[in-house]
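Subject: Structure handover and notes

Dear colleague,

Here is the structure for your files. My notes on selected sites and contacts follow it.

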Amino acid sequence: MLHDMYTTIGNAIKESTGAPDALLITGGEHADLASTIAFSLAKQKKQAPVKIAQEIAADLAKRPDLTGITIEAKGPYLNFIFGKAYVSEGLRTAVQPGFGSLPKKPTRVVLEHTSANPNGPLHVGHIRNSIIGDTLARAFRKAGYPLEVQYYVNDMGRQIAIVVWGFDNLDSKQLDGEKEDAHIARIYIEANREIAKDEGITQQVNTLMQLVENGDPATVKKFRREVARCLDGFKVTMKDLNVAHDRFVWESDFIRNGNTERIINKLKRIPQAHEDETLYLDLSEFGFENKYVLRRSDGTSVYAARDLAFHAWKGANFDRVIDVLGADHKLIGAQLQCTMKLLGEKVPEIVHFEFVSLPEGSMSTRAGKFVSADDLITEIRKRAFDEVTARRPELDEETRRSIAQSVGLAAIRYDIVKVSPEKSTVFDWKEALDFERQSGPYIQYAHARACSILEKAGSFPESYDLETEQEIILAKKMALFPTVIESVVTELRPHILAIYARELADTFNTFYHYEQVLKSEGQIRNRRLTLVKAVQNTLKESLETLGIDAIHTM
């Protein structure tokens, strides 16, 4: 609805002024929409912006297509305040199942996220990638896009060769109860310690890399076996985080099917390509000082070459290509984008994120210093169970554990996604689980409160004619939801949805503080219960798009 109003008002301003852009912005506390058009016309008209705003407001007030909209010139600004018809229609829409879903679109989207090296468990630093990516995926589906979510499996790199060497040469027996990815990490760490003591092992690792690229069956089988075991561990972790992938794409497939060789041959023909001991691109004209190496002196391709082949394949099969990458991949990502452009291939959009950490500090799988995502999930569930038990001791243990599992998931996912991707963040155990503050459980609690009110109310006839200030503020907040979804997929910034969900919970709690619901009577009761039903529905849709359970009791 807001989008329709934006279009109607924008067209009216452009027709009234002849300007190419209506310069519409959100109106903040004073209006639903505002325009700064008077500023841009001041020089052209040689008049004060205040006078121009007054003239435009008077002209717009005559238009029948803006009936029901209050138009005010506030100093140099044009303010637009939507009337009762907008509020009533917005409320009518917000109670419908699937509220916020946008029309189906033909644009095929591929979204790659997580893609962590399979040499040890996902740690806290990895899961921001997973949660940002999964939230974006949910938003794209909510926005009507056909989408495939991919995990790019690095099954050929040096780290995997080190893992394979470790399994061949060390005591690699799996310990009782040891998860597959934890087993892989233990062998990888031990192998790195051996390499530090004996430089000769490096040549053995290099030989493994040559064998796997040349398709040696026995070596390929070893690489695949250990990588697959690690991925099995990853899948358990991601299921606990409510994260899903549609396809796991193996890096080695782009060697086997000839795509890497084809992309290398194509690259050789561009003027930036150079061959001496290695094959590399000189991208200095685009501001990149380092060589962009594609093939080593021993003839083996590097990750970058296979990544280019992978992205060429994605570009040929999808209309929009999106990658979620850590800040440590900014250079690699920029070189990839530049090279794809030089090749005339589809250039991927990249969402770069800074890392999340714990107060304990930074993490490194190679050094064996990391807090696994599994450990984080276990600890947060324990703390959530203690919190739920303190609040609801009358519930049986099974119910408390079920609630704690959902609350723990909300705590992790929300605390990580609420911060814009480009900002680093530290996961705060206490704040993430605070039911009274701006956390995932806080939003869940607002949803549970709405469910409780509706359960106590029983049946009622829906009413959409709102009167009081708090009622209208709440209805207008809900009407923003479809536009929020659109903003997330346009800007690739999932924290926009996280902030909106928290603000909606805040607005609902303020409404509930000021307005009687269950104790009110007649049409007042009906319209306020309708508002609560719409809040419950909008919070449910928001939470589910954030990958968080919309639980009914807490």
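**Notes on the model**

Leu 23 sits in the loop that runs between helix 1 (2-17) and strand 1 (24-26); helices (H or I, at least four residues) and strands (E, at least two) are DSSP runs, numbered from the N terminus. This is a predicted model, in which local features need pLDDT of at least 70 and side-chain atom pairs count only at pLDDT 80 or more, while totals for chains, interfaces and linings use all residues. Residues are numbered from 1 along each chain as its sequence is written, and side-chain values use heavy atoms, with hydrogens and water left out.

The phi of Leu 23 is near 55°, a positive value in a residue other than glycine. With a relative accessible area of 28%, Leu 23 is partly exposed (buried means under 20% relative accessible area, exposed over 50%, partly exposed in between; 1.4 Å probe, protein chains only).

Leu 492 also has a positive phi, near 55°. Its place is the loop between helix 19 (481-491) and helix 20 (495-514). Leu 492 counts as buried, because its relative accessibility is 8%.

Glu 251 is in the loop between strand 7 (247-250) and helix 10 (253-256). Its relative accessibility is 0%, so Glu 251 counts as buried. Leaving aside residues up to four places away in sequence, Glu 251 touches Tyr 152, Val 153, Asn 154, Asp 155, Met 156, Tyr 303 and Arg 306 (contact means heavy atoms within 4.5 Å).

Strand 3 (residues 69-74) pairs with strand 4 (residues 77-82) in the antiparallel sense, over six bridges; two strands pair if DSSP finds at least two bridges between them. Ile 69 stands opposite Phe 82 in strand 4. The two strands form a hairpin with two residues between them, and Gly 75 in the turn has a positive phi of about 60°.

Helix 15 (residues 397-417) and helix 17 (residues 440-457) have axes that come within 7 Å and cross at roughly 130°. Helix 15 is therefore oblique to helix 17. Axes are lines fitted to C-alpha atoms, for helices over the stretch in contact, and angles run from 0 to 180 degrees between N-to-C directions. Angles under 35 degrees count as roughly parallel, over 145 as roughly antiparallel, 65 to 115 as roughly perpendicular and the rest as oblique. Helix 15 contributes Ser 406, Val 407, Ala 410, Ala 411 and Tyr 414 to the contact, and helix 17 contributes Gly 440, Pro 441, Ile 443 and Gln 444.

Regards
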